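Let's learn to read a protein model together, one feature at a time.

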Amino acid sequence: MDFITIYLTLQKELVNFYHSSGFLVVKFLVGIYVLIVFIDLVLLVVQRGVGANIRQMRYGMNIPSELVSKKSKMKARWDKVKKRLEVGSEAECKVAIIEADDIIDDLIARMGYKGNNMAERLANIPDGQLNELGEIKEAHEIRNRVIHEEDLVVDKEFAQDVLRKYEHLLRHFEVLD
């Protein structure tokens with residue numbers, strides 16, 4: 001037997017097997033298996049949420065849906081904080097810093113970072129996860145000073161600088177665009 005004869009015999013047997021009822025059963029079982037795997041994948045995506053998957057791929061983390069679907073509500077909250085600065089009084093500037101910190105704290109808590117307060121949540125964010133992490137930590141420290149130091153003087157320019165640090169995070173997630 002030469003190579004060509006072996007090849008032709010093997011080819012003929014494979015063609016016969018392909019058209020046999022045994023292979024039909026194998027194709028049917030593989031089809032059922034593929035269908036079950038596909039249904040499992042669809043159910044997993046639905047259970048996790050398609051939006052969460054897309055946000056996680058885009059930003060590297062699962063961000064709250066408010067940043068994607070309810071931007072106008074978040075923007076309205078931020079505009080309310082910014083309007084406090086227009087008054088220009090020291091009390092309004094302090095309240096603006098506190099409210100801005102609350103907005104970002106709520107956002108970070110919804111991202112799933114654990115902690116009893118914002119400082120603990122910020123400490124739980126891995127380095128490199130947020131480019132604005134350093135700015136947020138600085139702004140939060142200033143907010144703590146506003147709360148705990150009664151004699152801290154906060155003018156409009158100082159408050160604007162602090163709010164700019166928080167605003168960078170909101171711009172990163174395209175809330176204010």
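Q: Which residues in α5 meet which residues in α6?
A: First, the general idea: contact means that heavy atoms lie within 4.5 Å, and helices (H or I, at least four residues) and strands (E, at least two) are DSSP runs, numbered from the N terminus. Here, Met74, Arg77, Trp78, Val81, Arg84, Leu85 and Val87 of α5 meet Glu92, Cys93, Val95, Ala96, Glu99, Ala100, Ile103 and Asp106 of α6.

Q: What should I know about the model before going on?
A: This is a predicted model, where local features need pLDDT of at least 70 and side-chain atom pairs count only at pLDDT 80 or more, while totals for chains, interfaces and linings use all residues. Residues are numbered from 1 along each chain as its sequence is written, and side-chain values use heavy atoms, with hydrogens and water left out.

Q: Where in the protein is confidence lowest, and where is it highest?
A: The term to know is pLDDT, the predictor's confidence in each residue, from 0 to 100. The protein has a mean pLDDT of 84, and 86% of its residues reach 70 or more. Confidence is lowest in helix α3 (residues 50–59), with a mean of 59, and highest in helix α8 (residues 133–148), at 91.

Q: How many helices and strands does the protein have?
A: The secondary structure comes to nine helices and zero strands. From the N terminus on, the order is α-α-α-α-α-α-α-α-α.

Q: At what angle do α5 and α6 pack?
A: To read an angle, we use axes, which are lines fitted to C-alpha atoms, for helices over the stretch in contact; angles run from 0 to 180 degrees between N-to-C directions. Angles under 35 degrees count as roughly parallel, over 145 as roughly antiparallel, 65 to 115 as roughly perpendicular and the rest as oblique. Helix α5 (residues 71–87) and α6 pack at about 165°, with their axes 8 Å apart. That makes α5 roughly antiparallel to α6.

Q: Is the crossing of α5 and α6 left-handed or right-handed?
A: A crossing is left-handed if the near helix is turned anticlockwise from the far one by less than a right angle, and right-handed if clockwise. The crossing of α5 and α6 is left-handed.

Q: How do α6 and α9 pack?
A: Their angle is about 15°, and their axes are 9 Å apart. α6 is therefore roughly parallel to α9. On the α6 side, the contact includes Cys93, Ala96 and Ile97, and on the α9 side it includes Val162, Leu163 and Tyr166.

Q: And what about α6 and α8?
A: These two pack at an angle of about 130°, with axes 10 Å apart, so α6 is oblique to α8. Among the residues in this contact are Asp101 and Ile104 of α6 and Ile136, His140 and Arg143 of α8.

Q: Which residues of α8 are buried?
A: Buried means under 20% relative accessible area, exposed over 50%, and partly exposed in between (1.4 Å probe, protein chains only). In α8, the buried residues are Leu133, Ile136, Ala139, His140, Ile142, Arg143 and Val146. What covers them includes α6 (90–110), α7 (118–123) and α9 (156–172).

Q: Is His140 buried or exposed?
A: His140 counts as buried because its relative accessible area is 7%. Not counting residues up to four places away in sequence, His140 touches Asp101, Met118, Ala119, Leu122 and Tyr166.

Q: What is the relative accessibility of Ala139?
A: Ala139 has 0% relative accessibility, so it counts as buried. Leaving out residues up to four places away in sequence, Ala139 touches Val162, Lys165 and Tyr166. Ala139 and Leu163 are 24 residues apart in sequence, and their C-alpha atoms are 7.7 Å apart in space.

Q: Is Asp106 buried or partly exposed?
A: Asp106, in helix α6, counts as partly exposed because its relative accessibility is 27%. The C-alpha atoms of Asp106 and Met118 are separated by 8.6 Å, and the two residues are 12 apart along the chain.
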